[in-house]
Amino acid sequence: MNFRILNYFLTVAHEKNITKAAEVLHITQPTLSRQLMQLEEDLGTKLFDRSQHKFALTPSGQFLVQRAQEILDMVEKTTLDIQDQEQNLSGSIAFGAGEYYATQTLAQLIGAFQRQYPAVTFDLFTATADTLLEKMEKGLIDIAILQAPVDTTNYDYIHLQKKEIWGILMRKDAPLATRKAIKACELCGLPVILPVRLQVRSEIFNWLSGDIAKIHFVGNCNLLANTAVLVEQNNYYAITIRPPLMNENRFVFRPLQPALSGDILLVWRRDMKRFVKCYLELLTHNQGESAKVQSAKGLHFAFSACGFGRLLLLDEVVPLTADTPCA
């Protein structure tokens, strides 16, 4: 099995028609058919259901679609990384983020970084913290903004100063929309949507406390965009973090009472490329807040309140400013 055949397989899976796939790939249909049959023989399993003129993926084929895309993404990323070592500051940084209010900080930093290093592009993946950590493990993401709690054993990270505020997202005409804050008892008997992450749900259950048995839980959602659709269409109440973008003509967001907030971490892989290190150095200059980068290996970055960073490695203190060249 090679990368070219994986690309053939993904094209056929996407087009759902071997003739169309052959046209896209600029090869003949018999050649493509032979390559697919060889791939199935190498793997010892059928990838497509060809019965009764169907050309659908088998369960093994569906599994391979996900893995093949990850493999090809990693090959492309590795190729770019190798090329970056031979060139000036250029290439692509892969960012990951949930739908957080803190993503505004990420957007500002990306803009500032590209103004200083215009040859560096970015890829942004939006998903839950668990999915983004999985991609980081596979080397597909360099830097991510994640909502705690997350396992940071293998990563360096910063606690961002701003916390995410938990509250209720509801329609503007909902009865609770007139409240300034929402108590757990006010949700009794109402249809409530929870976040999908188990670690986060445990904190919400603690907040609900004795009222939890009286709540009508209708389901779980992972990202805010689809959650908002359910809220609007079905008059649900979603326990969620403050939306980064919200149509105030259709929705209201009210904080929980007593208040519940969550830490947001900026997490990165330790095997950073040169321009990823430059990005983090620029972050130390632009944060303008006190923070500390934590590492299981004892490497610490301390950010001063005046907006300049200092790298503390062993007993040596090296000042970092926006003009400091990348090592």
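This is a predicted model: local features need pLDDT of at least 70, side-chain atom pairs count only at pLDDT 80 or more; totals for chains, interfaces and linings use all residues.

Visitor: Which residues of helix α2 are buried?
Guide: Helix α2 comprises residues 18-25. A residue is classed as buried when its relative accessible area is under 20%. In α2, the buried residues are I18, A21, A22 and L25.

Visitor: Within what arc do the buried residues of α2 fall, seen down the axis?
Guide: An α-helix has 3.6 residues a turn, so residues three or four places apart point the same way. In α2 the buried residues are I18, A21, A22 and L25. They line one face of the helix, because the arc within which they fall, seen down its axis, is 100°.

Visitor: Against which helices do the buried residues of α2 pack?
Guide: The buried set consists of I18, A21, A22 and L25. Contact here requires heavy atoms within 4.5 Å. The packing partners of these residues are α1 (3-15) and α3 (29-43).

Visitor: Which residue caps the N-terminal end of α2?
Guide: The backbone nitrogen of T19 lies 2.9 Å from a side-chain oxygen of the capping residue. Just after α2, H26 takes a positive phi of about 60°. The cap at the N-terminal end is N17.

Visitor: Which residue forms a salt bridge with R197, and where does that partner lie?
Guide: Side chains of opposite charge can pair when their charged atoms come close. For R197 the N to O distance in the salt bridge is 3.6 Å. The pair links distant parts of the chain, 67 residues apart, with R197 in the loop between β8 (191-195) and α7 (198-208). The partner, in helix α6 (residues 129-137), is D130.

Visitor: What is the relative accessible area of D173?
Guide: D173 and R171 meet through their side chains in a salt bridge of 3.1 Å, N to O. R171 counts as partly exposed at 23% relative accessibility. D173 is exposed, with a relative accessible area of 54%.

Visitor: How far apart are the closest N and O atoms of E186 and R179?
Guide: R179 is partly exposed, its relative accessible area being 35%. A salt bridge requires the nitrogen and oxygen to be within 4 Å. E186 and R179 form one, and their closest N and O atoms are separated by 2.6 Å.

Notes
Residues are numbered from 1 along each chain as its sequence is written. Side-chain values use heavy atoms; hydrogens and water are left out. Buried means under 20% relative accessible area, exposed over 50%, partly exposed in between (1.4 Å probe, protein chains only). Helices (H or I, at least four residues) and strands (E, at least two) are DSSP runs, numbered from the N terminus. The arc is that of the directions from the helix axis to the C-beta atoms. A polar contact is a pair of N or O atoms within 3.5 Å; within protein, one must be able to donate a hydrogen and the other to accept it, and residues adjacent in sequence count only if both atoms are side-chain atoms.
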